[in-house]
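Student: I have this model open and want to go through its packing. Can we start with a pair of helices?

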Amino acid sequence: MLDLSLLRTFLAVYETGSVTGAATRMSVTQPSVSYALGRLRKQLDDPLFIRTRAAMVATERAQELYQVFRRSVADIDAVSSDQAFDPGTSELQFRLCLSDLGEFSFLPAILARLRHEAPKVALDVVPTDIAKVQGWLRQGQVDAAIASIPIPGLRRRTIISRDRYVCVLPADRASAGSPGTSGGEGARRATMSVEEFESLRHVVIDESAGHQQVDATLEEAGLRRRTVVRLRHFSVLPNLMNDSDVAAVMPLVAAEHFERQWPVVIRELPIPGPAFDVNLYWNEATSGSAAVQWFLRLLTEALVLNRGE
């Protein structure tokens with residue numbers, strides 16, 4: 001019979017790709033992970049992982065065992081957490097996948113809720129790589145993810161908010177755009193002309209951040225952006241705009257955060273800005289446990305209810 005601790009070690013090595021990463025996740029020493037892995041290799045008569053320069057690569061046998069072990073451990077955790085989980089005293093760690101805009105827009109409300117309900121619970125925020133989120137959730141590497149585009153194959157989701165894209169530019173370019181309403185959640189701002197939009201020097205965010213739908217919409221409408229820099233993150237934009245004349249197309253909710261704290265202004269795009277849902281996805285394999293159900297409820301209440309939706 002396989003020891004549960006050995007299964008947890010296997011999962012940690014599989015999901016982190018290293019002995020060091022597994023030791024960090026499990027809060028044990030590297031020799032302890034190596035010893036447990038050695039025992040498991042002997043019992044299963046398979047090397048399980050092959051060390052390469054980049055990572056510990058799972059063997060074919062390990063890949064077959066992963067889903068079996070993941071479901072088994074999740075079922076055991078569900079039973080035990082139903083009996084013992086108390087958010088007020090729990091010291092569990094949950095893993096949430098967020099983009100940098102998600103960190104900026106959502107983390108304050110999440111942390112405030114955690115501080116009130118579960119002061120000892122830890123949150124590990126995993127940076128979004130939209131191409132990998134589906135696998136991370138299915139394999140249990142993260143408990144939940146917040147994403148602005150539909151993720152194929154993931155049926156479990158809650159809509160957090162409805163958002164749209166706008167153009168953000170330095171305040172000294174505020175004359176750009178026709179008169180319009182400003183301020184207030186959901187308000188329509190002044191609209192830029194095509195000429196004004198195309199005259200700007202644009203910062204473009206890489207598709208890996210999960211916002212490629214705006215690129216397709218602009219291209220379909222025939223709008224051209226004079227790209228001067230391509231980034232992987234939105235969060236640096238206010239600093240760039242403070243010291244230069246660059247502009248960027250980004251979601252309105254995050255743009256309003258920037259506008260409140262930095263000398264930037266928001267303008268509507270010269271075409272109807274593509275709208276999108278911000279969704280909360282979670283791991284179906286582990287969502288039956290009381291701990292994960294509580295975490296999902298906390299996220300929903302912190303983000304949906306606090307927005308009055």
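Tutor: This is a predicted model. The axes of helix H1 (residues 4-16) and helix H3 (residues 30-44) come within 9 Å and cross at roughly 105°.

Student: What does that make H1 relative to H3, parallel or perpendicular?

Tutor: Roughly perpendicular, because angles of 65 to 115 degrees count as that.

Student: Which residues make the contact?

Tutor: H1 contributes Leu-6, Thr-9, Phe-10 and Val-13, while H3 contributes Val-33, Ala-36, Leu-37, Arg-39, Leu-40 and Gln-43. By class, seven are nonpolar, two polar and one charged.

Student: Switching to the largest nonpolar core: which residues touch the most other members?

Tutor: Leu-96, Ile-110, Ala-144, Ile-146, Phe-197 and Trp-294, out of 41 residues in that core. Elements that give two or more residues to the core include strand S3 (93-98), helix H5 (100-117), strand S5 (144-147) and helix H11 (290-303). The largest share, nine residues, comes from H11.

Student: What is Ala-144 in contact with, leaving aside neighbours within four places in sequence?

Tutor: Its partners include Arg-95, Leu-96 and Cys-97, along with Leu-280, Tyr-281 and Trp-282. Phe-295, Leu-296 and Leu-299 are also among them.

Student: What about a second core?

Tutor: There is a separate one of 23 residues, including Leu-11, Leu-44, Phe-49 and Met-56.

Student: And the protein overall, how many helices and strands?

Tutor: Eleven helices and eleven strands. Of the 309 residues, 48% are buried. Among contacts with a separation of 6 or more, 74% are between residues 24 or more positions apart.

Student: What is the accessible surface?

Tutor: About 15300 Å², with 50% belonging to carbon and sulfur atoms.

Note on methods:
Residues are numbered from 1 along each chain as its sequence is written. This is a predicted model: local features need pLDDT of at least 70, side-chain atom pairs count only at pLDDT 80 or more; totals for chains, interfaces and linings use all residues. Side-chain values use heavy atoms; hydrogens and water are left out. Axes are lines fitted to C-alpha atoms, for helices over the stretch in contact, and angles run from 0 to 180 degrees between N-to-C directions. Helices (H or I, at least four residues) and strands (E, at least two) are DSSP runs, numbered from the N terminus. Angles under 35 degrees count as roughly parallel, over 145 as roughly antiparallel, 65 to 115 as roughly perpendicular and the rest as oblique. Contact means heavy atoms within 4.5 Å. Ala, Val, Leu, Ile, Met, Phe, Trp, Tyr, Cys and Pro count as nonpolar, Asp, Glu, Lys and Arg as charged, and the others, Gly among them, as polar. A nonpolar core is a set of buried Ala, Val, Leu, Ile, Met, Phe, Trp, Tyr and Cys residues joined through side-chain atoms within 4.5 Å. Buried means under 20% relative accessible area, exposed over 50%, partly exposed in between (1.4 Å probe, protein chains only). Accessible areas come from the Shrake-Rupley method with a 1.4 Å probe; for residues, only the protein chains shown count as cover.
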